[in-house]
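Let's take a friendly walk through this model, going from the sheet to its helix cover and then to a few local details. Please keep the 3D view open as you read.

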Amino acid sequence: MNFPMSGRPKGLVLHIRFAACCAAIALVTCLASSPAHALSEIKREELPAPVTPSADDDVSSPGNTIPMPDPLGTAPSTSQPPAPDAAEPDSPPDGGSNRPRVDPEVPLPEVVYDLGKLPEPVRRMHDLIIEACKGGDIEKLRPLIGKGESMTQLSLADIDGDAIAFLKGLSGDPDGQEILAILEEVLSAGYVHVDAGTPQELYVWPYFFALPLDKLDAKQRVELFKIVTASDFDDMKQFGAYIFYRVGITPAGQWTFFVAGD
């Protein structure tokens with residue numbers, strides 16, 4: 001049977017095609033929205049649950065641990081042990097060659113007044129210092145004091161600046177003549193020879209440097225009062241030793257120190 005190409009059959013075909021298009025549009029709309037939701041759900045299901053390590057359960061190996069930086073404002077930590085303290089040099093058992101040498105347990109040293117018993121270099125340095133003091137010009141001490149490592153020690157502490165200026169500062173007058181008088185008086189007293197035969201060997205003025213003050217006789221106390229006052233003497237007795245100015249000269253004639261204090 002032949003059907004004509006016009007009329008109702010043709011309208012039916014158009015209706016079917018229209019319904020198919022609507023169905024396709026609905027399907028595309030569904031696929032555009034529902035897969036995204038499904039994909040997110042799949043990803044959440046596939047991701048492993050987060051594991052929170054406990055404080056007591058540390059199974060990481062030390063070699064794989066990455067050190068964390070220190071908080072801001074704190075000093076960086078170090079795994080190196082602190083350096084040991086530098087060894088301090090041993091100090092002489094007597095406290096230094098310019099310190100009082102008073103030991104009540106040993107025999108008293110010989111007190112010597114005869115300058116002729118001094119070695120020639122010591123005698124020469126002694127006389128040069130006395131001559132400079134009597135001349136009243138403190139600058140005459142400059143070549144005797146020297147400079148550098150061999151410079152005469154003028155204080156138990158380090159000094160800054162010029163040596164002669166320092167001596168003037170010790171004096172009660174601006175020209176340093178009081179300190180010259182003290183130096184001359186010290187070198188006019190008797191002396192002692194200490195540490196004979198050792199690298200620390202010295203000739204020291206005045207001899208009170210090495211004598212206990214409570215063992216001085218009347219004559220020696222008069223000699224002491226030429227250098228210090230009675231009040232100074234009382235203070236020194238409390239300390240236990242003579243701590244006013246003293247002079248040391250080596251056997252080679254080097255003027256080692258002219259200092260006061262303990």
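In what order do the strands of the open sheet come, and is their pairing parallel or antiparallel? The open sheet has four strands in the order E1-E2-E3-E4, and the pairing is antiparallel. Strands pair here if DSSP finds at least two bridges between them. Strand E1 (192-194) and strand E4 (255-259) are the edges, each pairing on one side only. From one strand to the next, the twist averages 20 degrees.

Before going further, a word on the ground rules. This is a predicted model, in which local features need pLDDT of at least 70 and side-chain atom pairs count only at pLDDT 80 or more, while totals for chains, interfaces and linings use all residues. Residues are numbered from 1 along each chain as its sequence is written, and side-chain values use heavy atoms, leaving out hydrogens and water.

**The chain as a whole**

The protein chain has seven helices and four strands, where helices (H or I, at least four residues) and strands (E, at least two) are DSSP runs numbered from the N terminus. Along the sequence they follow the pattern α-α-α-α-α-β-β-α-α-β-β. Of the 262 residues in the protein chain, 27% are buried; buried means under 20% relative accessible area, exposed over 50%, and partly exposed in between, with a 1.4 Å probe and protein chains only. The protein chain exposes about 18,100 Å², with carbon and sulfur atoms supplying 58% of that area, as computed by the Shrake-Rupley method with a 1.4 Å probe, where for residues only the protein chains shown count as cover. Among contacts (heavy atoms within 4.5 Å) with a separation of 6 or more, 58% join residues 24 or more positions apart.

**Strand by strand**

E1 pairs with strand E2 (residues 202-205) in the antiparallel sense over three bridges. E2 is also antiparallel to E3, again over three bridges, and four bridges join E3 to E4. Here are some of the residues that face each other across these strands:

| Residue | Partner |
|---|---|
| Val 194 | Leu 202 in E2 |
| Val 204 | Gly 248 in E3 |
| Ile 249 | Trp 255 in E4 |

In a regular strand, side chains alternate between the two faces of the sheet. In E2, Leu 202 and Val 204 point one way, Tyr 203 and Trp 205 point the other way, and all are buried. E4 is mostly covered, with four of its five residues buried. The hairpin of E3 and E4 has five residues between the strands, and Gly 253 there takes a positive phi near 90 degrees.

**The helix cover**

Helix H5 (residues 177-188) lies across E2, strand E3 (246-249) and E4, and runs at about 60 degrees to E3. Axes are lines fitted to C-alpha atoms, for helices over the stretch in contact, and angles run from 0 to 180 degrees between N-to-C directions. The axis of H5 comes within 9 Å of that of helix H2 (residues 120-135), and the two cross at roughly 145 degrees. In H2, His 126, Ile 129, Ile 130, Cys 133 and Lys 134 meet Leu 180, Leu 183, Glu 184, Leu 187 and Ser 188 in H5.

**Loops and rings**

Two loops deserve a look. Asp 195, in the loop between E1 and E2, has a positive phi of about 55 degrees although it is not a glycine. Because its relative accessibility is 28%, Asp 195 counts as partly exposed. Pro 206 lies in the loop between E2 and helix H6 (218-225), and the peptide bond from Trp 205 to Pro 206 is cis, with omega near -15 degrees.

Finally, the aromatic rings. A search of the whole structure finds nine aromatic pairs. One of them joins Tyr 207 and Phe 208, which are tilted at 4.3 Å centre to centre with 40 degrees between the planes. Rings of Phe, Tyr and Trp (its six-membered ring) pair if their centres lie within 6.5 Å; planes under 30 degrees apart count as stacked, over 60 as edge-to-face and the rest as tilted. Both Tyr 207 and Phe 208 are buried, and together with Tyr 113 and Tyr 242 they form one aromatic cluster.
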